[in-house]
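Here are my notes for your first look at this model. Keep the sequence and the 3D view open while you read.

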Amino acid sequence: MSEIIAVLDFGSQYTQVIARRLRECNVYSRVYRYDTGAGELRSDGVTGIILSGGPSSVFAENAPVPDRGIFDLGVPVLGICYGLQLMAHILGGTVGKSVQREYGRGTLTVGSRSELFSGIPRSLRVWNSHGDKLIKLPANFHAVARTENSDFAAIEDEEGRCYGLQFHPEVFHTEYGTDILRNFLFRICRCRGDWTMAGYIDMAVQRIRERVGERRVILGLSGGVDSSVAAALLHRAIGDQLTCVFVDNGLLRKNEVEAVEKLFGENFHMNLVVAREADLFLDRLKGITDPEKKRKVIGNTFIEVFEAEVEKIGEVDFLAQGTIYPDIIESVPIGGNPAALIKSHHNVGGLPERMKLQIIEPLNQLFKDEVRKLGEELGLPRSVVWRQPFPGPGLAVRVIGELTPHNLQIVREADAILIEEMKGADYYYKVWQSFAVFLPVQTVGVMGDERTYDYVVALRIVESIDAMTADWAHLPHAFLQKVSSRIINEVEGVNRVVLDISSKPPSTIEWE
Ligand code: XMP
């Protein structure tokens, strides 16, 4: 890796967005903790540094500050919002406490020539969100642009290679924001912009080989995007030293086990172990109706099965996980412990500590769309790379109430029909999730001359960006009608199909 821009994270909600924007310009960028030492940044060979925004005030008691040494590294530094104030404060300027935060749009007027604004109109709409305000510049700095509220909306010390923006160039609402960042990258940091996914694969493969050497790695394959891409990347790097363990918990979708065996075992020729433990899982789940209890039982049984499989494999040194960038990087809890938070469901229940394995996370620098791009580059099919999210506890949380082989069979068959139709009508990849839910409710129906007393299946089809909020997808009635009649005709035990038209919030995407 020859070119890297460090984004020091002072807790802004936009920190990751900055890193993404830079990568979109084909320059590799990484988020670092705000207090990362200058020595570490030098040894990583950073080409430039960006100080992110943040919720703090430079006057706050626990205000996060960077290592002063970053200003002596000789690489350009760009402070954004709180980053600008920090930079000015540290370098001898004066920041004034503001009673009111400035939020939202403003008009920026560029007053003097600056590399940062090269090729950009003199007047543009920008997005602000800050409290304090710079009132006196540090020595050697001059103002480049102002807004209605600030004479120092953009400042610089060209000689010292320090730049500051009071607004957020990384957000969509700032006009020419990406161009400003591009100017920083290409005119000021003199980046080449040659970061590509193919280049990333070469680098990642080399790193994995160096770290693993001759030793062995196991990976719990779930069939989801992240673990599948991690498996393909590791396999590219270390081939047979990787063993993938796929647990068939009996809660998977129709033909899922076969598809995984075919793709990873036959096509990729990976060492693949399939632990067929459906009976064990179903046995443990007997009589359980509480959703959280189901999750616990499934999680614990998974660990048990996985450990037993690893035991059989013998000497293993590393546990690989498909953790991706947004899983590790969360806003730094300023004032408290600044350790990055790790979302719990991505850790397989403390497995690595128990098994004394080292963790290897080959995707932990990538955003979701980059993981997909990587997967495509590594030859994974669209059906894997663009697969809809599927919960870890699988169909168990889509059978309301007790899980029985009969109820599971119904939801699995109904789900398969829905997926087939969604794919056939080209809706599958356009929505966030689409699935069937088994309801333990019997209703009256008539089929032929007979009265039936069968179960209900609900269809849940939602659109979403990040699963935090979701809305039900408004698909054509003719399509819904076809799915409904196919399910009722083809799935034994179902005589009624209903459509879930609730949004999240207040409902959730899954029913349990
Ligand atoms: P909810 O139902 O909370 O779901 O709106 C949000 C997203 O998370 C998925 N989900 C899970 N994923 N284990 C997982 O790995 C779980 O226990 C789980 N519960 C929900 C859900 O499918 C949706 O994408």
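1. Domains. The chain is divided into domain 1 (4-188), domain 2 (197-385) and domain 3 (397-499). Keep in mind that this is a predicted model. Between the C-alpha centres of domain 1 and domain 2 the distance is 37 Å.

2. A residue between helices. Find Arg-190, in the loop between α4 and α5. Is Arg-190 buried or exposed? Its relative accessible area is 63%, so Arg-190 is exposed. Now compare its position with that of Phe-10. In sequence, Arg-190 and Phe-10 are 180 residues apart. In space, their C-alpha atoms are 25 Å apart.

3. Aromatic pairs. How many aromatic pairs does the structure hold? The count is 12. One of them joins Tyr-28 and Tyr-200. The ring centres are 6.4 Å apart, with 40° between the planes, and the pair is classed as tilted. Tyr-28 sits in the loop between α1 (15-24) and β2 (29-33), while Tyr-200 belongs to helix α5 (residues 197-212), so the pair ties together parts that are 172 residues apart in sequence. Both Tyr-28 and Tyr-200 are buried.

4. An edge-to-face pair. Tyr-163 and Phe-184 also form an aromatic pair. Here the centres are 6.5 Å apart and the planes make an angle of 70°, which is edge-to-face. Tyr-163 is in strand β11 (residues 162-165) and Phe-184 in helix α4 (residues 177-188). The two residues are 21 apart, and the pair links distant parts of the chain. Buried means under 20% relative accessible area. Tyr-163 has 4%, so it counts as buried. Phe-184 has 0%, so it counts as buried too.

5. A ring cluster. Look at Phe-10 again. Ring pairs link Phe-10 with Tyr-34 and Tyr-82 into a cluster.

6. Charges over rings. Which residue lies over the face of Tyr-32? It is Arg-30, at 4.7 Å from the ring centre. Another case involves Lys-423 and Tyr-428. The charged end of Lys-423 sits over the ring of Tyr-428, at 4.7 Å from the ring's centre.

7. The second largest pocket. Lys-423 turns up again here. The second largest pocket has a volume of about 540 Å³. Its lining is made of 20 residues. Nearest its centre lie Lys-254, Asn-255, Glu-256, Ala-259 and Lys-423. Which helices supply at least two residues each? They are α7 (256-267), α13 (382-385) and α14 (405-424). Domain 2 (197-385) and domain 3 (397-499) each give at least three residues to the lining. By class, the lining has 9 nonpolar, 4 polar and 7 charged residues.

8. The cavity. How many cavities of 30 Å³ or more does a search of the whole structure find? It finds 1. The largest cavity has a volume of about 40 Å³. Its lining residues include Arg-253, Gln-388, Pro-389 and Arg-398. Asp-415, Ile-419, Gln-433, Ser-434 and Phe-435 also line the cavity. Two or more lining residues come from each of α14 and β17 (433-447). The largest share is that of β17, with 3 residues. By class, the lining of the largest cavity has 3 nonpolar, 3 polar and 3 charged residues.

9. Cis peptide bonds. Check the segment after β20 (494-499), where Pro-505 is found. A cis peptide bond joins Lys-504 and Pro-505, with omega about -15°. The bond from Pro-505 to Pro-506 is cis as well, and its omega is near 10°. Pro-506 also lies in the segment after β20.

10. Positive phi. Asn-26 is not a glycine, although its phi is positive, at about 65°. Asn-26 lies in the loop between α1 and β2. Its relative accessibility is 35%, so Asn-26 counts as partly exposed. Asp-426 also has a positive phi, near 65°, and is a residue other than glycine. Where is Asp-426? Its place is the loop between α14 and β17. At 39% relative accessibility, Asp-426 counts as partly exposed.

Terms used:
Residues numbered from 1 in each chain as written. Predicted model: local features only at pLDDT ≥ 70, side-chain atom pairs only at ≥ 80, totals over all residues. Heavy atoms only, no water. Phe/Tyr/Trp six-rings, centres within 6.5 Å; stacked < 30°, edge-to-face > 60°. Helix = DSSP H or I, 4+ residues; strand = E, 2+ residues; numbered from the N terminus. Buried < 20%, exposed > 50% of the residue type's maximum accessible area, 1.4 Å probe, protein only. Lys NZ or Arg CZ within 6 Å of the ring centre and 35° of its normal. 1 Å grid on protein atoms, 1.4 Å probe; cavity = no way out; pocket = protein on both sides within 12 Å on 5 of 7 lines; lining within 4 Å. Points joined across faces, edges and corners; volume = space filled by probe spheres on them. Nonpolar A, V, L, I, M, F, W, Y, C, P; charged D, E, K, R; others polar. Domains from an automatic or database assignment.
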